[in-house]
Amino acid sequence: MKILGVSAYYHDSAAALIEDGEIIAAAQEERFTRKKQDASFPENAIKYCLQYSGLELKDLDAIVFYDKPLLKMERLLETYYAFSPNGLRSFLTAIPVWLKEKMFLKRTLKKGLSQIGEYDSSKVKFLFPEHHLSHAASAFYPSPYQDAAIMTLDGVGEWATASIGYGKGKEIEILKELKFPHSIGLLYSAFTYFLGFKVNSGEYKLMGLAPYGRSNSEEVKHYKKTITSELIEIYEDGSIWLNQKYFSYATGLRMVYDDKWETLFGFPKRPAESNLEQHHCDLAIAIQEVTEEIVILMAKEAQKLTKSKNLVLAGGVALNCVVNGKLQNAEIFENVYIQPAAGDAGGALGAALAAHHLFFEQERLIDTSKLDAMKGSYLGPEYSGLDIELMAKKFKAKYHFSENFDDISKQVAKLISEGNIIGWFQGKMEFGPRALGGRSILADPRNPEMQKKLNLKIKYREGFRPFAPSVLADDVEEYFECKSTSPYMLLVHGVKESRRNQVPENYDELPLMEKLYFLRSDLPSITHIDYSARIQTVHKETNPRYHQLITDFKAETGVGVVVNTSFNVRGEPIVCTPLDAYKCLMRTEMDYLVIGNHLFSKAEQPEWLEKDNWQEEFTLD
């Protein structure tokens with residue numbers, strides 16, 4: 001049973017291929033086209049999945065799209081009708097596109113597939129599960145649980161914006177749904193927009209900004225009261241009602257009515273790239289805490305409905321790792337599992353899995369010897385030594401090659417301990433938004449200057465943004481208040497009390513940047529302003545090379561933790577090929593690049609003759 005899953009045409013297009021229920025390959029289109037969150041037909045991702053699996057389109061049993069376009073069309077038409085005459089401009093913009101491209105999606109898909117190869121239309125089935133079923137399947141089927149409560153939360157699918165379900169064996173039942181226009185994802189995106197970040201990509205910035213807010217201050221209490229009295233009603237089961245008087249996303253071209261929000265909160269929408277002030281931080285933590293309250297109420301309802309000891313999560317809101325950490329600490333469930341590609345890209349994988357287990361009624365097998373069925377989320381392309389050498393030849397790049405990876409690992413561990421920043425490119429590319437040691441930039445967490453240097457000279461992004469630690473799985477409790485594994489960097493927990501430094505008495509009154517550069521622990525470059533960290537536990541079973549590097553760094557320094565950030569500059573997708581990696585080395589102030597067993601020193605490279613400007617090539621997110 002060979003099934004291809006596809007997500008496309010909204011944002012973050014992707015393809016995934018499964019064979020007899022095993023996840024074989026998955027990748028996002030953006031990694032190949034170098035256009036962040038590329039929404040186009042995922043031609044390159046499909047070609048990769050087929051090539052890696054050794055299959056052709058004609059070998060497939062089914063091609064599965066991750067939602068139902070006709071239901072989505074129905075929602076659009078009914079929404080415009082309900083809000084008329086508002087939204088005429090948006091209607092005239094959206095509907096022609098739908099009529100031309102999206103309403104007849106099967107025809108559009110077939111046209112895209114015809115550019116890839118031939119297939120037997122009488123044999124291959126085209127299937128269209130609902131959006132939130134695709135999310136639910138992406139979380140439940142790869143999880144290590146025989147049964148689980150399922151929560152999906154995002155902006156909107158067809159009608160549903162969130163769901164509670166129950167999975168057991170190969171079956172999934174959706175028990176409750178929250179319907180558009182009431183949406184926790186759209187609520188969070190509305191604040192993302194108002195605080196000057198880009199919707200559908202800047203939500204993680206809002207999450208990172210929130211800890212700079214003063215949680216117990218009168219200002220934050222006022223903002224939270226305003227949110228819960230004017231913008232939303234929150235019910236005991238975690239469902240919400242949004243006051244559409246303040247929101248324009250249903251029919252408009254923007255998220256909110258700017259003037260009404262300015263009246264509500266006492267300041268205007270923040271212009272993109274402008275200075276952040278304390279009221280921005282305070283509003284960020286207010287909506288973060290409201291979001292946490294909603295999700296925890298929803299989880300309690302899921303537990304009440306299912307009585308399961310396990311919970312699985314997917315949908316864009318499931319990428320809010322602060323919420324995930326709070327949910328885990330609430331101990332509503334014994335076990336919590338989050339799909340690493342929780343957003344729309346993961347819908348491609350979920351669609352394929354839903355078809356396999358629900359449409360074709362194939363049984364589900366769980367390998368209890370493994371963390372889950374995601375293979376560490378290392379599901380993308382990998383490159384050979386010949387690929388690396390051909391890239392080096394093209395640029396006349398100098399490198400040092402070692403037959404023995406042990407030698408490379410020990411050398412790189414020493415370089416990191418000496419304050420160097422390393423581009424680390426090993427094995428298969430990660431599926432999902434997180435770099436997990438396949439395509440990562442690495443540094444020393446003990447270095448007090450590293451957070452600032454990485455933001456301003458490597459990533460070229462806002463200075464307030466935090467960095468994540470990768471820690472040996474067996475050592476996680478030595479450094480963090482975390483009693484579980486976190487292989488996909490989707491949980492935030494506190495740095496251990498014994499490693500923290502005492503803040504000064506006037507800390508809350510300090511300007512944002514003075515707070516930022518206060519040394520909060522003995523691992524200052526991965527300790528966020530509230531003493532938290534977004535943790536990745538590294539496991540020998542899924543990434544032996546990365547595990548060995550951190551083990552060697554521990555032997556060198558006594559610390560089994562490194563700084564891990566995604567291998568890209570701001571606005572660029574994570575690097576995919578050796579060429580992408582070398583370009584990033586030469587465009588930034590990175591010190592070294594390691595691809596496989598090849599070590600490139602920036603100081604030894606020939607002059608970079610390409611006068612391209614990454615800030616013009618990549619749109620800032």
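Begin by selecting Y460, which sits in the loop between α16 (450–458) and β16 (468–472). In this predicted model, Y460 has a positive phi of about 55 degrees although it is not a glycine, and with a relative accessible area of 23% it is partly exposed. Most residues other than glycine have a negative phi, and most peptide bonds are trans.

Next select K307, in the loop between α11 and β11, where the backbone again takes a positive phi, here of about 60 degrees, at a residue that is not a glycine. K307 is exposed, with a relative accessible area of 62%.

The peptide bond that joins F180 and P181 is cis, with omega at about 10 degrees.

The buried residues are H131, H132, S134, H135, A136, A137, S138, A139 and F140. To see what covers them, select elements including β6 (147–153), β7 (160–168), β8 (171–179), β11 (310–314), β12 (335–338) and α13.

From there, move to the largest nonpolar core, a set of 142 residues in which M151, F191, I227, L231, F247, W261 and F265 touch the most other members. Helix α11, residues 278–306, gives the most to this core, with 13 residues. Centre the view on M151 and look for its contacts beyond four places away in sequence, which are S163, I164, V295, M298, A299, A302, L311, V312, L313 and A314. A second, separate core holds 59 residues, with I408, L472, I526 and V563 among them.

G213 is the next stop, in the loop between α8 (203–209) and α9 (218–231). Is G213 buried or exposed? Its relative accessibility is 11%, and because buried means under 20%, G213 counts as buried. Leaving aside residues up to four places away in sequence, G213 touches Q278, C281, D282 and I285. Select A286 as well: G213 and A286 are 73 residues apart in sequence, yet their C-alpha atoms are 8.0 Å apart in space.

Then turn to strand β21, residues 598–601, which is covered on both faces, with H598 and F600 buried on one side and L599 and S601 buried on the other. In a regular strand the side chains alternate between the two faces of the sheet. Strand β20, residues 592–595, pairs with β21 in the antiparallel sense over four bridges, and Y592 stands opposite S601. The hairpin of β20 and β21 has two residues between the strands, and in it G596 takes a positive phi near 60 degrees. Strand β13, residues 400–401, also pairs with β21 in the antiparallel sense, over two bridges, and the bridge partner of F401 in β21 is H598.

Finish at the second largest pocket, which holds about 1100 Å³ of space. It is lined by 47 residues, of which K370, D372, A373, K375 and G376 are the closest to its centre. The lining divides into 17 nonpolar, 18 polar and twelve charged residues. Colour β3 (22–28), α13 (344–359), α14 (385–395) and α19 (544–557), each of which supplies at least two residues of the lining; α13 gives the most, with three residues.

Note on methods
Residues are numbered from 1 along each chain as its sequence is written. This is a predicted model: local features need pLDDT of at least 70, side-chain atom pairs count only at pLDDT 80 or more; totals for chains, interfaces and linings use all residues. Side-chain values use heavy atoms; hydrogens and water are left out. On a 1 Å grid over the protein atoms alone, a cavity is a set of points where a 1.4 Å probe fits but cannot get out, and a pocket is an open set with protein on both sides within 12 Å along at least five of seven lines; lining residues have an atom within 4 Å of a point. Grid points are joined across faces, edges and corners, and a volume is the space filled by probe spheres set on the points. Ala, Val, Leu, Ile, Met, Phe, Trp, Tyr, Cys and Pro count as nonpolar, Asp, Glu, Lys and Arg as charged, and the others, Gly among them, as polar. A nonpolar core is a set of buried Ala, Val, Leu, Ile, Met, Phe, Trp, Tyr and Cys residues joined through side-chain atoms within 4.5 Å. Buried means under 20% relative accessible area, exposed over 50%, partly exposed in between (1.4 Å probe, protein chains only). Contact means heavy atoms within 4.5 Å. Two strands pair if DSSP finds at least two bridges between them.
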